[in-house]
Amino acid sequence: MRFIFRYLGQHRGMILMQLSFVFIFAVIFRLYHLPAAAVLYPALVCFLIGGLFACRSMYMAYQKHKKLTALYSLPAHVLMDSMGKCRTWEEEDYQRIIQKLCLEMQQLNDHMADSYHEMTEYFTMWVHQIKTPITSMWLYLEPEDTKLSRRIMSDLLRIEQYVEMVLTYVKMGSESTDYVFRTVDIDQILRENIRRFRGDFIMKKLKLVFHPSGKMVVSDEKWLSFVIGQVLSNALKYTSEGSVTISMEESDTLCICDTGIGIAAEDIPRIFEKGYTGGNGRAYKRASGLGLYLCRQICDRLGHTISITSEAEKGTTVRIGLGRDNFACSSTMLIGKGNKSR
């Protein structure tokens, strides 16, 4: 019914014109004093013939509408081959316009794909090149155990983390990334990240409360380690005194709690948005707005969850749900207990 009303509305001018013709003929016949039957009969015939043509036109328009609706769901490169033969000059003009738009869109997509591929190759090469001097600096600093060396190692760790963040951000847009799912020891991932940040704990004299859980979860070890490392880094960055507590809650939920500056209530709903730094990021000028965004994206792809509760000046608690209700990633996923080489 909706289509009928819209069709009648679009063709109301033609309908009014046909009704006007019938009325004109009826008036002329009446002026010549013809019998009423002689007036009504041709008027009725004209009305019926006009109605038949209108119904046929409406039916053809409805069939075209259904065909165009079906074409709407097709990808652009298939669209032109499925439109069929043109019946009017107007249809041919529209098809030429659509063909031109499809061609321009395909060219734009190809250009964007080439640009993205070049950017990915460049940043991947840059990350691997910069890792060489970072590794060399680690080797030089490891034998030292002074206040200055610990400070430099902490800054170097930040650089390494930001470099890893760049590579992760680039990989997130790639559909060729492989997620290797297998049973992993969550305590081992936590210990490795704690070992990485041990210098920050020592310099800031923060207390670490770590409760090993002995839990084994199914996840991608490398990507999950990035998430945990980012959360732990944020806890250390915004905590100047007190402690950082790491524990496992029920339902395989990892909990990382700090006694830092906390997050303002108005910032929490947007904390996982890309580029959003919140009040703390603007005040401390050390936030990129990418860390928690990447954590959310990775958790979604791994089938995990991540949430934050916080109170200003009292601390922040991050909960990572390690269950696997679903997988959101479109990349190749391998499940098993294969080797750990990544």
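How many aromatic pairs does a search of the whole structure find? The search finds zero. The structure is a predicted model. An aromatic ring does take part in another kind of arrangement: R296 lies over the face of F272, at 4.1 Å from the ring centre.

The next topic is the packing of helices. Two packed helices are described by the angle between their axes and the distance between the axes. Helix α6 covers residues 147-172, and helix α9 covers residues 221-237. Their axes come within 12 Å and cross at roughly 135°. On the α6 side, the contact is made by R158, Q161, Y162, E164, M165, T168, K171 and M172. On the α9 side, the residues are K222, W223, F226, G229, Q230, S233, L236 and K237. By class, the residues of this contact divide into six nonpolar, five polar and five charged.

Helix α6 also packs with helix α11, which spans residues 291-302. Here the angle is about 45° and the axes are 11 Å apart. α6 and α11 are therefore oblique to each other, and α6 passes α11 in a left-handed crossing. M165, T168, Y169 and M172 of α6 meet G291, Y293, L294, Q297, I298 and R301 of α11 in this contact. The contact of α6 with α11 has six nonpolar, three polar and one charged residues.

Technical notes: Residues numbered from 1 in each chain as written. Predicted model: local features only at pLDDT ≥ 70, side-chain atom pairs only at ≥ 80, totals over all residues. Heavy atoms only, no water. Phe/Tyr/Trp six-rings, centres within 6.5 Å; stacked < 30°, edge-to-face > 60°. Lys NZ or Arg CZ within 6 Å of the ring centre and 35° of its normal. Axes fitted to C-alpha atoms, helices over the stretch in contact; angles between N-to-C directions. Helix = DSSP H or I, 4+ residues; strand = E, 2+ residues; numbered from the N terminus. Contact = heavy atoms within 4.5 Å. Nonpolar A, V, L, I, M, F, W, Y, C, P; charged D, E, K, R; others polar. Parallel < 35°, antiparallel > 145°, perpendicular 65-115°, else oblique. Left-handed = near helix turned anticlockwise from the far one by under 90°.
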